[in-house]
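Hi there,

Here is the structure I promised to pass on to you. Please have a look at it first, and then read my notes below.

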Amino acid sequence: TSALVHRGTNELQITAHDAGSIKLSTSNTPALTIASDHNATFTGDITIDNSTPRIRMKPTGDAQSIRIENYNAADTLVSRIYGGTDGELRLETGTNGTEDGVIVKPNGAVQLFYDGGTTPRLATNATGVTVTGVLNSGNLNVASGTSTASFMHIGQNATGDNYAYIDLIGDTSYTDYGLRLIRGNGGANSTSALVHRGTNELQITAADAGSIKLSTSNTPALTI
C-alpha cells in the first residue's frame with residue numbers, strides 16, 4: 001500500500017495553484033475530476049452509506065435553485081429535478097428536459113402536466129382533486145363525504161350555457177351512447193331528455209311496491 005497521512009485537526013490541502021484540474025484515478029482511469037471552475041465529474045457510481053444518508057445542496061441566494069439533471073449520450077438534457085428555495089419541487093422532462101411533468105407546491109399541493117402543457121391535467125387542493133380534461137376510469141365509486149350527502153356535479157362553475165350529460169355505453173353498435181341523460185345548452189329554460197337507443201323497450205320500473213309519478217309544474221299529472 002501507499003498512503004498520504006496527515007495528522008492534526010486542520011485541513012489537508014491538495015491544491016492546483018493555477019488553472020489546472022485535480023484528478024483522482026484508479027486502474028489508471030480518472031474516477032473524480034475537479035476542474036478549475038470547481039465543477040466535479042465522477043466516472044462510475046457514487047455510494048453513500050450511512051444510517052441516514054443525504055445529499056445536501058445549498059444555493060448561495062434565495063433567488064437561486066438546485067437541479068439534478070439527466071443527459072443522454074449526445075450530451076442533451078432530457079430530464080431534471082428542479083427545486084426552488086421556496087420549497088417548490090419540479091420534475092421536468094420532454095423537449096430539452098425543461099417541460100413540467102410534476103410540480104409539488106410548498107403547501108403540499110401536487111400538479112400533473114402532459115406534453116408541455118401549462119395547465120395541470122390533475123391538481124390536488126384543499127378541497128380535493130381537480131381534473132382538467134377527460135377522466136378515464138374502469139370503475140368509479142363516489143364514497144360518502146364529510147356531510148350526510150354524497151353527490152356528483154356535472155357542469156359546475158360553467159361560465160356559459162353548455163350541454164351537460166351522462167352517457168351509458170353497453171354495446172359495440174352505439175359506441176357514442178346507448179342511454180343518455182342530457183341537459184341542453186339553451187340556458188335557464190333549456191330542454192332535458194332521457195334518450196334511449198335501439199329497438200327494445202325503455203323500462204322505467206319501481207322494483208318494489210312504490211308508485212311512479214310524472215309531474216309538471218311540480219304537480220303530479222300521472223301516477224302509476
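**What I found**

V142 has a relative accessibility of 47%, so it counts as partly exposed. You will find V142 in the loop between β10 (128-131) and β11 (164-168). Please keep in mind as you read on that this is a predicted model.

V142 also belongs to a nonpolar patch on the surface.

With 38% relative accessibility, A149 counts as partly exposed.

Now for the chain as a whole. It has 15 strands and zero helices. Its radius of gyration is 32 Å, well over the 17 Å that the globule rule gives for 224 residues, so the chain is more spread out than a compact globule. Along the principal axes, the C-alpha atoms fill a box of roughly 100 × 40 × 35 Å. Of the 224 residues in the chain, 12% are buried.

Two backbone positions are worth a look as well. Most residues other than glycine have a negative phi. S27 is not a glycine, yet its phi is positive, at about 55°. S27 is in the loop between β1 (22-26) and β2 (29-34), and it is exposed, with a relative accessible area of 71%. D75 is not a glycine either, and it has a positive phi of about 65°. Look for D75 in the loop between β4 (65-71) and β5 (77-84); this residue is exposed, with a relative accessible area of 61%.

Finally, the aromatic rings. How many aromatic pairs does a search of the whole structure find? The count is zero. There are arginines over tyrosine rings, though. R180 lies over the face of Y165, at 4.5 Å from the ring centre. The charged end of R197 sits over the ring of Y177, and the distance to the ring centre is 5.4 Å.

Happy browsing, and do write back with any questions!

Best wishes

Terms used
Residues numbered from 1 in each chain as written. Predicted model: local features only at pLDDT ≥ 70, side-chain atom pairs only at ≥ 80, totals over all residues. Heavy atoms only, no water. Phe/Tyr/Trp six-rings, centres within 6.5 Å; stacked < 30°, edge-to-face > 60°. Lys NZ or Arg CZ within 6 Å of the ring centre and 35° of its normal. Helix = DSSP H or I, 4+ residues; strand = E, 2+ residues; numbered from the N terminus. Buried < 20%, exposed > 50% of the residue type's maximum accessible area, 1.4 Å probe, protein only. Patch = residues over 30% accessible without salt bridge, like charges linked within 9 Å, V, L, I, M, F, W, Y side chains within 5 Å. Areas by Shrake-Rupley, 256 points an atom, 1.4 Å probe, with all protein chains shown as cover. Salt bridge = Lys/Arg side-chain N within 4 Å of Asp/Glu carboxyl O. Rg over C-alpha atoms; globule rule 2.2 N^0.38 Å.
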